[in-house]
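Please look at the sequence and the three-dimensional model shown here before reading on.

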Amino acid sequence: MKRRIRRSRQEYLIDCCALCKRSENCPDKYGEKITLKSQELTVHYFCLLMSSGIYQRGEENEGIYGFLVDDIKQEVRRSSRLRCAVCKTNGASVGCYIKSCQRKVHFPCGKQHQFIFQFTDLFPSYCKDHSPTQSLPVSASVNEPMSCSVCLDPIEPVLSYSILKCPACHGSWFHRDCVQNQAHSAAMFFFRCTLCNNKDMFQQEMLRMGVHIPERDASWELEENAYGELLQVYQHCDAKKCLSHNGRTCSSRTGWFQILRCALCGSSGTHRKCASLKLDETNWACEDCAAAVDGTASLARHTDSPQPGGQRRSRSSKRSLTLTPRQSPIVCKRPFLLGGSAREILQELASQTSQHQLSMPVVVNGNKVLEAAMELVKRSDFNPSHALAVRFTSSKHNSSPDTCPGNTRHFLRLLVQQLQNTVFEGPDGAKTLTLNARALREDIYFDVGCLLSLCLVHGGPPLGFFSRALYLCLFNFPMDTPLTVEDMGNTLFTDKVKKIQESKSLEELREAMESASEYLEVAGCTRPVESLSDKDTLVKDIVSFHLITRMQLPVQRFCEGLKTLGVFDQVQMFPGAFVGLFCSSHDKLTADTMAALFTVQFSDQEETAGKESTVVTFWRHYLLECEVGRCATSLEDVLIFATSADVVPAVGFRPSPTLSFLHPLDPAGAFPMSQPSSNRLLLPVVPSYQAFKKHMEYAVCQLTVLQSI
């Protein structure tokens, strides 16, 4: 009797997962339940994936999908000493990914208490306090959802652990359990938003929010003979009066009583004899389809109506199987949903602003662009979705120029330059956030982030001044890239930290720590060192404190500002697409890129167009001379003259720049003109290149002088 009890208990222990101590076999919740009888070991696959102390060191055919048996047993021993924060029993193998958080749970306990498990990259887990969240963009004009887009049951329109939304359309909201069931059914190849049909961006967001997407085909594709009925060919004569003595379903291989199917829908049929067709006719259309294509196709028509009792499909099923010539597949009009370039993503965000006819007036006194911008964002009626109506005034002139898109572009260009000297420090092109008590008190970090988003979406230049360290801290890209002492920049403490890092003996290390004792105490890094190898951990902690811990509040407020118009959410989703726009200086203009920017609009008359072609040759030669420094103007000056921008805006030109022509009666007094509001440059038709160059330099230099006043 004791042997039976001992054996049944041993069998029960083998049947339980060695990590979570549960025996349930529920692949949707815990993953595949795998038992190695020779090792007397059973684990749930998800428990194994999410365990914090084990790594896949073998090949796929070794152990359990690459997890070696010895490593699994070692993880079981490690977790046996850890207490679960939920059920209070030992064996908690899953820990929160945030290093400062000590919360550990069993995988099933974590699912019950709102842990988020990300089935991607390093398979991190996050407790309720540190789990990722979703938010709506500031400018999103989305009606509150009334029901779950999966189960159609009523839904509370508040984003939470249980309620998620599509990051693409923001209009599809659903229960977590519903979208998880959808993911298990549709799997990676068919899992997408039920409303906007987006796939790539939707799957990335669902993975981030802890939805498991199986890497297999959809469940309906795996059923045996699931589409067997589609292999059956329609074999039935639907003529009002069937002339076949063998019945409506009889079809000969050739001849009068061969059944022909409708060439358009394939769901109607007739014997040749029953439809009065010739023996050589093979194309035939039923009455419904022939009416739709009458006069456009040479198909025989079925003049007799199908018999009411015939085995036909309904009209609705035929329409669902075929597209008429005027129909076309649905095309996604939002390029960034498919992982497009930064410019395409910003263009989509900018399209949200074009829907608003109202504009925000901005008055700039002289070159005090930053002051005017700060006043703008602090106004109670500030709306980032509205267009900017910028007007420059000067203390030297009483007149105020009219507002125009050219002024807005000039304003944004100066604003990006002046914002670099607000809450940033470091060399040009590699700036990081600085810690400033006044900026925190007055919430300037938020304002700067908001203004940078405004510049990117409303037609400002690429930023190009972020350091790689700042971009890493903001958007965690590139992933798994450690911060270094060099990322601290040229601060008062950088040299002291470098001395610690470069210490070659234990005594030298202690002396370096003594010289930096005040900073180490502030950073919480004061500690005894027993060996030279301790310096690596020490330096890592110092760098982490200086760039992350110390800057938590400024970074948080700066990111909140960048969320204006949805910029932060898109950069966080596609950090690789935006890294060049934030961190790399813009490409230098060349004559070729400058010429390619402008679309030439020739006259309709052939004689006039011939003269204009000569001017286009002058134009390209002039650009080449500007590039090599043979002109009084630069390529940037010419672009400013035409568009009020010295570089191509981050969002691109709207509308695209064009090149038109002036036909003056007196070529000697013909000067080029520009219309920055429409990005249009008008070139005079003159007989010689010398005259063209002289007039171009005069017009461009005159604008440069006026802007410097």
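What follows describes a predicted model, beginning with a sheet and ending with its cores.

The sheet is open and consists of 4 strands in the order β17-β18-β20-β19, with mixed pairing. Its edge strands are β17 and β19, each of which pairs on one side only. Strand β17 runs parallel to β18, to which 2 bridges join it, and Val-600 stands opposite Leu-659 in β18. Helix α26 packs on this sheet, where it touches β19 and β20, and its direction makes about 60° with that of β19.

| Element | Residues |
|---|---|
| β17 | 599-600 |
| β18 | 658-662 |
| β19 | 673-675 |
| β20 | 680-684 |

Ala-699 belongs to helix α27, which covers residues 689-708. Ala-699 counts as buried because its relative accessibility is 8%, under the 20% cut-off. Beyond its neighbours within four places in sequence, Ala-699 is in contact with Phe-641 and Pro-672. Val-638 lies 61 residues from Ala-699 in sequence, yet their C-alpha atoms are 9.5 Å apart in space.

In soluble globular proteins, nonpolar side chains tend to be buried together. The largest nonpolar core of this model has 87 residues, and Leu-452, Phe-466 and Phe-558 are among those with the most contacts inside it. Helix α15, residues 444-457, gives the most to this core, with 10 residues. When residues up to four places away in sequence are not counted, Leu-452 touches several residues, including Leu-419, Phe-424, Phe-466 and Leu-562. Another core, of 33 residues, lies apart from this one, and Tyr-30, Val-105, Cys-109 and Cys-127 are among its members.

Key. Residues numbered from 1 in each chain as written. Predicted model: local features only at pLDDT ≥ 70, side-chain atom pairs only at ≥ 80, totals over all residues. Heavy atoms only, no water. Buried < 20%, exposed > 50% of the residue type's maximum accessible area, 1.4 Å probe, protein only. Contact = heavy atoms within 4.5 Å. Pairing = 2+ DSSP bridges. Axes fitted to C-alpha atoms, helices over the stretch in contact; angles between N-to-C directions. Core = buried A, V, L, I, M, F, W, Y, C linked by side-chain atoms within 4.5 Å.
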